[in-house]
Amino acid sequence: MRRRVIFRGKLLPYLLLAPQIAITAVFFFWPAGMAIMQSMLREDPFGLRSTFVGLENFAELFADPLYLGAFSNTLVFSGSVAFFSIAVGLFLAVLADKQIRGANLYKTLLIWPYAIAPALSAALWLFLFHPAIGLFARIIRGYGVDWNYYINGGQAMLLVTIAAAWKQVSYNFIFFLAGLQAIPKSVLEAAAIDGASETRRFWSIVFPLLSPTTFFLLVVNLVYAFFDTFGAIHALTQGGPAKATETLIYKVYVDGVVNLNLGSSAAQSVVLMVLVIMLTAVQFRYIERKVHY
Amino acid sequence: MATLEIQGVQKSFGATKVLHGIDLAVADGEMIVVVGPSGCGKSTLLRIVAGLETATGGRVIIGGQDVTLREPKDRDIAMVFQNYALYPHMSVYENMAYGLKIRGLPREEIRARVQKAADMLAIAPLLDRRPRQLSGGQRQRVAMGRAIVREPKLFLFDEPLSNLDAKLRVQMRAEIKRLQRSLGVTSLYVTHDQVEAMTLGDRLVVMHGGVAEQIATPLDIWNRPANIFVAGFIGAPPMNFLAGTLLPGGTGARLDAGFEVGFLDGARVGPAGTRLTIGIRPEHVPPAADGPLKLTVDLVEPLGGETLVHGRVPSDESLTARLPGSMHPVAGAVLALAIQPAQVHVFSGETGQRLDR
């Protein structure tokens, strides 16, 4: 139930809203505005003067093969991160939803990765897969694979994907588990009596009923892969080898902080901003409208 | 269509035993209603027959085949659930067709069967709707339709009417009975509602504490309840029980309430003074000016056609009488009631079992 509160004056409601508005303005609107402004400026090499260049920074970006490369890297990377983390999270949730001994312990342990800082978990992956000292790297070599992600771009991409997806599995797991528990047991029993095997029950009943959850997680995971994976990439590959794992967010950092090309970096941030606004809009639109049973 | 045999089925959840060995043989086309208070194990029994629970002991035989260890899908049964358990993301048509699709029936036959069942249940206009767009009664029909199209060997009903309002329940009850008769499918129906049980069942299984207390036709159970539990459970308002002792020769009982009743159907075996419980239904204690039963009224429920009077007899036992609707005694009054001797039930005072001559 929603209760409507009516204020008499106009001052109090604005006063009550003020802290939130202030935080949003200072930490969101102001930096966003600065980024948009910066994206239309070009600095001289010493950072003493800046010139207004209009949309030239953007035009250059989309003509730059390196930027387009980062774009396609990002698509591959985000797509695979979302796919793997959702698939594994769903798989584990289905297992955890069964009546098994020690289910609570199992569930608790599965949530841990989410509490580990991205840089730390990346360091962990680094030690496991380091071509020289990595434990798993040794095992992989034992199977005759020439494992060296410092040279092989495909392997590097695989590694950052796994590291980034691993962290998100916990989050997806919790949501899927809740989603599974919300499916009435009798519906599954009815399907069993109707003659459906366990696999068929999953694909024809459980998976469709989970689709609102899956869709929500897809958007969340895409946003995560777009914006939140800087730590993992920075600690593992620094975008290398030969920019094979340089995603949009990483390129913002490299161009802005390392190469001090502020105008281009700001233009890239604005592009990212537009992307996240689009994703969020899609999410709101669908979550409100679609699929609630 | 098939017979169903339940042989010595037991079920324990950990240390708790919920079914103590149930035996039941259901004839082809028969409708058996399992009735009992909540927690008596009736739903567990049904779920064991469905294969949703595994029995700790005993066997389930459907159509001559031992299915005790088979999965639900291999038992060729259909079940109607209390909460309907419709697939929420499918249309009514898809709900009904689901089981047929799995069995790989040709599309045309599926269409024909669903259409036929939908016509039978008057839900044909709803075939394109989703379950959430239906009312409770319509969902119930769809759930039944889903069971019917499968043409299974056995129908299982798990309290299918308890989520409906009273009027709809009466209507659906009649409909289920008509359907079951016309389809002739062997059915097992679980309910806690004794009126549903009496009206629907060819035979009833009255369960209590994991034990089948009595298995008989509704009228048999009404006329000759096997023990105090069955006598008190079947019939509304429930049967009255008065304590007493056996007269010498076993020809009657002396009630603690201060008078004697004779046993018209013959003498009971046993030494004089044996403790007895005499059962008499509320409709069998008519008012009579010289009646021996003195009832001090403390609550009157006028129902229009009849009046229910609750009160106490001199031995401080409570008693309910069903009087004509024209009578309206006031609380505190003392009513003189007779006992119709032909309607007296005699139970052992110790075991609660029925004593016949």
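Helices (H or I, at least four residues) and strands (E, at least two) are DSSP runs, numbered from the N terminus.

Housekeeping: this is a predicted model, where local features need pLDDT of at least 70 and side-chain atom pairs count only at pLDDT 80 or more, while totals for chains, interfaces and linings use all residues. Residues are numbered from 1 along each chain as its sequence is written, and chains are lettered from A and ligands numbered from 1 in the order in which they are written.

**Entry 1: the 2-1-4-5 sheet of chain B**

I looked up the strand order here and got 2-1-4-5, an open sheet of four strands in chain B with antiparallel pairing. Strand 2 (16-26) and strand 5 (65-66) of chain B are its edge strands, each pairing on one side only. Strand 5 of chain B is joined to strand 4 (residues 57-62) of chain B by two bridges, and the two run antiparallel. Which residue of strand 5 of chain B does B:I62 stand opposite? I find B:Q65 there.

**Entry 2: helix 1 of chain B**

(Axes are lines fitted to C-alpha atoms, for helices over the stretch in contact, and angles run from 0 to 180 degrees between N-to-C directions.)

How many residues of helix 1 (residues 42-50) of chain B are buried? I get nine of its nine, so I note the cut-off: a residue is buried if 20 or more other C-beta atoms lie within 10 Å of its own, exposed if 12 or fewer, and partly exposed in between, with C-beta atoms placed from the backbone. The buried set includes B:K42 and B:R47 as well as B:L45, B:L46 and B:I48. After helix 1 of chain B comes B:G51, with a positive phi near 90 degrees.

**Entry 3: the 17-16-15-18 sheet of chain B**

I then found another open sheet of four strands in chain B, antiparallel, in the order 17-16-15-18. Strand 17 (318-324) and strand 18 (334-337) of chain B are at the edges with a single partner strand each, so one side of each has no neighbour in the sheet. From one strand to the next the twist averages 45 degrees. Strand 15 (residues 293-302) of chain B pairs with strand 18 of chain B over four bridges, in the antiparallel sense. One bridge I traced links B:L293 to B:L337 in strand 18 of chain B.

**Entry 4: domains of chain B**

Chain B splits into domain 1 (4-232) and domain 2 (238-348), with bounds from an automatic or database domain assignment. Their C-alpha centres lie 38 Å apart. Five residues from domain 1 of chain B and seven residues from domain 2 of chain B make the contact, which counts residues whose C-beta atoms, placed from the backbone, lie within 7 Å.

**Entry 5: chain A**

I also looked at where the chains meet: 16 residues of chain A are in contact with 18 residues of chain B. Helix 8 (185-193) and helix 9 (198-227) of chain A each supply at least two residues of chain A's side, and helix 8 of chain A gives the largest share, six residues.

Last, A:G33, which sits in helix 1 (residues 11-38) of chain A. A:G33 is exposed, with 11 other C-beta atoms within 10 Å. A:G33 and A:V270 are 237 residues apart in sequence but 9.6 Å apart in space, C-alpha to C-alpha.

Definitions and conventions. Two strands pair if DSSP finds at least two bridges between them. Two residues are in contact if their C-beta atoms, placed from the backbone, lie within 7 Å.
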